[in-house]
Amino acid sequence: MSILARAILKLFKNRKKSNSNIKDSQKVLIHARGKISKAIMTYPLIREMKKNNPNLQVDILAIRQNAFAFAHNPHINQVYTLRRGLTKNISLWKQLKKQNYDLIIDLSAMKLGTFFFYATLNAKHYFAENFKNKYKLDTRELNFFDSLLDRESANNKYLSKCHLRYLEPLKYKLFDDSLEVYTTQKKLDYAENFFKDYKDKTIIAFNVTASIPDRTIKESDYIYIANKLSEIDGIHVFFITMPNNREKIQSNIHSIKNISLAYETKDIFDAIALIDKIDLLVSPDTSLIHIANGLKKPAIGIYELPHNNKSHTWYDHDSDLIHVSNDGLSSIHDFDKDEVISHVRNFLTQAK
């Protein structure tokens with residue numbers, strides 16, 4: 001398959017490039033594949049592109065799993081969803097081809113089907129990440145892209161700042177490199193009303209569920225932490241979890257003082273509104289940590305740093321980092337529960 005894929009990809013080797021000025025682009029399509037957290041990481045790039053060119057049309061080519069994450073971003077014109085199987089996307093391809101894009105940016109590792117899809121739209125310019133790909137092809141061999149950004153040079157950087165490198169080939173200025181997240185006023189009002197009786201407390205949100213099972217906090221661990229935190233005066237801890245786990249967690253914590261189950265967050269925008277109203281987040285999952293970052297909320301991340309690596313890419317501001325077991329990034333088994341509690345106490349001391 002790799003041999004056939006390389007042969008197909010090389011059909012695009014000698015694309016005739018446009019002489020138009022990339023900076024003059026008026027229509028841009030950004031291909032953003034990946035989980036919700038990676039979708040959030042594109043927000044600063046889109047915002048900064050619009051700051052440089054307020055009339056710029058920025059469209060997103062997403063996938064079913066992340067398309068909704070772009071819904072309330074005020075800087076995006078249109079979100080298109082790419083489905084699995086090229087034959088299911090023929091009408092979408094025709095629709096996009098009529099747009100006559102000046103620039104297409106691929107933020108993901110090269111994948112034959114999606115590359116063929118956007119490469120045949122005949123945009124004037126193409127940018128991409130120079131990822132290592134499964135086809136054992138050096139992307140530079142193609143001579144297809146106007147600009148290839150070396151992925152290795154962005155290692156150990158917060159992902160949203162990696163994406164901001166695309167401003168350089170566009171000759172755009174960087175005004176602000178911070179992450180922002182977006183929700184609706186209706187959801188913010190709901191969160192405000194939910195927490196109105198706790199304004200005299202320090203509100204802590206404790207997320208126990210992660211997208212990877214090995215990073216989900218075990219029942220015995222969260223019960224232990226809940227009991228320890230209940231001993232601290234002046235705080236109230238709200239547990240966040242997936243809908244299918246709410247009943248079980250409620251039964252485990254209902255009798256512990258100053259510990260409650262937060263309201264059900266049905267989507268990312270509910271989560272954003274909830275985190276906007278709290279004082280501290282504790283989480284083993286990247287998505288909520290990124291949201292806290294975008295809201296400038298203090299966060300305690302439960303995860304393992306890579307061996308021999310003192311930097312991290314989960315959070316862009318000062319944050320407490322909880323080092324867990326040596327199982328690696330995919331697991332938090334045997335993490336130090338008392339260290340989590342110690343970080344919470346330190347936060348409360350510093351916040352006084």
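Biologist: Where is R64 found?
Modeller: R64 sits in the loop between β2 (57-63) and β3 (78-82). Strands are DSSP runs of E with at least two residues, helices are runs of H or I with at least four, and both are numbered from the N terminus. This is a predicted model, where local features need pLDDT of at least 70, side-chain atom pairs count only at pLDDT 80 or more, and totals for chains, interfaces and linings use all residues. Residues are numbered from 1 along each chain as its sequence is written, and side-chain values use heavy atoms, with hydrogens and water left out.

Biologist: Why is R64 called exposed?
Modeller: Exposed means over 50% relative accessible area, buried under 20%, partly exposed in between (1.4 Å probe, protein chains only). R64 has 58% relative accessibility, so R64 counts as exposed.

Biologist: Why does N143 count as partly exposed?
Modeller: Its relative accessible area is 40%, so N143 is partly exposed. N143 lies in the loop between β5 (125-130) and β6 (147-150). N143 also has a positive phi of about 55 degrees, although it is not a glycine.

Biologist: What makes K296 partly exposed?
Modeller: K296 has 44% relative accessibility, so K296 counts as partly exposed. The loop between α12 (286-294) and β11 (299-302) holds K296. Its phi is positive, about 60 degrees, and K296 is not a glycine.

Biologist: Why is S287 called buried?
Modeller: At 17% relative accessibility, S287 counts as buried. S287 lies in helix α12.

Biologist: Which residues is S287 in contact with, leaving aside its neighbours within four places in sequence?
Modeller: I36, S37 and I40. Contact means heavy atoms within 4.5 Å.
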